[in-house]
Amino acid sequence: MAAAGGITDQTAYRRAVQRCRELDIVLPTFAELADPSRLDPALVSRLAGVDPDARDPRNLFRVHWYNGPDRRAQRSVPDHLVLPPALTGVAAPIAVALGDRFPLIGAHKVLAAYACLAPRLVSGAFDPTEHRAVWPSTGNYCRGGVAISRILGCRGVAVLPEDMSTERFEWLRQWAEDPSDIITTPGGESNVREIYDRCRELAADGRNVVLNQFAEYPNHLVHRLCTGRALERLAEHLQGERPGLRPFAFVATTGSAGTLGAGDYLKERLGTRIVAAEPVECATMLRNGYGEHNIQGIGDKHIPLIHNVMNTDVVVAVSDGNSDRLDALFHTEDGLGALRRQGRLDPPLLAGLAHVGLSGLANVVAAVAVARHFDLGPDDLVLTVATDGAAMYASQRGARARRDFPGGLDDAAALTTLARDLQAAAGSELLELRHEDRTRIFNLGYFTWVEQQGVPLADFEVRRQPAFWQRLWAELAAWDERIVEFNAQVGAPTRP
Ligand SMILES: Cc1ncc(COP(=O)(O)O)c(C=O)c1O
């Protein structure tokens, strides 16, 4: 990311201003998305009439964690589930913030997409009349990117592996301006190298601007500010209900490592440990490993450039067998029926689990592993997120459930799954990172970034230092100033 100083290209800047004026677009600042209670209440109440999935620029003001279940009304606390011991088998409460409350794509990746495009737009580094925004991803980020591009009146190109879920492709077909804006690459979840290769070819055409979430620092920064602040707010809320509760750890499975940025915020503010989780089938941080898995959205066989590795405290590996079987347990009538008949879990909690997609389930399993490893008690809060909900995986569920439960998901199988795949956090491996572990993980990134992607060695190395991440953090306020200035140039279009 360029520093938030000058304007790179005056012509591009003027065209961006003109485009936003034509389309009546106002850009939210990062501070507003971190704390939407700062928004004008009149604006918020008029927003209630806007369909959260419509291609309407006013939805930019909903790209935050504070949308209610209808994704229209704004709440003072991020919508969440608190998973009790009866479900998880551990004493520590596990709080899950729900990402399917985000507008447009029903996943929090739309936040990262906005954060990556907005700074370019307000600094003249992206001309919406000429450029195409290229969004490499395994699914949700490219959907977020296409949504943001279309809303901002420019072309968005999704680059994703062909094996990703049908729901992602159906959504893209509805939103892409042209079918050629959906580009598939070979393989599945962990075939990120193939995406990079395709992006390199695309970048040869100067009209294509690649917004690589694995290397775009605004992805880290927006989660540090917005997701970090949202989880802090959630912790404060839960502390109000249970004084003495302390946020012990923030757990997130990592894809681009953007979400993990929230950990940097929580650690600085509350001393919370940062736990990065990955698929055991592709244990890159734990074992420099590689392999295929089905925790869609994470585990991409490399260390992202924006991962503040030297600030990470724990790595835990979760099996996709756990998340697949829990997906069948929590998201099919057979599984839910068995849990209802057992009678130990509240019906609203069981209904709420519909908002936890595959990587969210993996986060919960990792959170249980953390609670077990550190012998956490009822006063230790573990914070995590569900990036998206179960709806995103409906098309694959039946076949996987038949594979995993060939004899059917009867009551006995359901209770065994709950005990083995969640409560025992089976398959989890956990490592508390020492300096040499962090160094090993950090060094692994060299091969992707310096050797393959041509990042200058000094730019790679500087990330070892906490001062680098603090300097980045300080830049965020300057980007907000640029956004405010840009909005002023656009004029005073009708706010929502
Ligand atoms: C469903 C899902 N879960 C988790 C992640 C990982 O989030 P991050 O890229 O911020 O590490 C992604 C990223 O695309 C995702 O789509």
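The shell around the ligand takes at least three residues from each of domain 1 (10-71 + 105-217) and domain 2 (80-102 + 223-432), with domain bounds coming from an automatic or database domain assignment. This is a predicted model, in which local features need pLDDT of at least 70 and side-chain atom pairs count only at pLDDT 80 or more, while totals for chains, interfaces and linings use all residues. Residues are numbered from 1 along each chain as its sequence is written.

**Ligand shell**
- The ligand is surrounded by 19 residues, the closest being Asn-140, Gly-255, Ser-256, Gly-297 and Ser-359, where a residue is near if its C-beta atom, placed from the backbone, lies within 6 Å of the molecule.
- By class, the shell holds three nonpolar, 14 polar and two charged residues, with Ala, Val, Leu, Ile, Met, Phe, Trp, Tyr, Cys and Pro counted as nonpolar, Asp, Glu, Lys and Arg as charged, and the others, Gly among them, as polar.

**Contact between the domains**
- The C-alpha centres of domain 1 and domain 2 are 26 Å apart, and the contact takes 34 residues from domain 1 and 37 residues from domain 2, two residues being in contact if their C-beta atoms, placed from the backbone, lie within 7 Å.
- On the side of domain 1 that touches domain 2, the elements giving two or more residues are helix 2 (30-34), helix 5 (109-121), helix 6 (140-151) and helix 7 (166-175), and helix 5 supplies the largest share, four residues.
- That side of domain 1 comprises 16 nonpolar, twelve polar and six charged residues.

**Overall fold**
- The protein chain contains 20 helices and eleven strands, which are DSSP runs numbered from the N terminus (helices H or I, at least four residues; strands E, at least two).
- Among contacts between residues at least 6 apart in sequence, 77% join residues at least 24 apart.

**Helix 10**
- Helix 10 (residues 261-270) is mostly covered, with seven of its ten residues buried, a residue being buried if 20 or more other C-beta atoms, placed from the backbone, lie within 10 Å of its own.
- The buried residues of helix 10 are Gly-261, Ala-262, Gly-263, Asp-264, Tyr-265, Leu-266 and Lys-267, and their cover includes helix 9 (217-241), strand 7 (246-253), strand 8 (273-279) and helix 20 (466-490).

Definitions and conventions. Buried ≥ 20, exposed ≤ 12 C-beta atoms within 10 Å, placed from the backbone.
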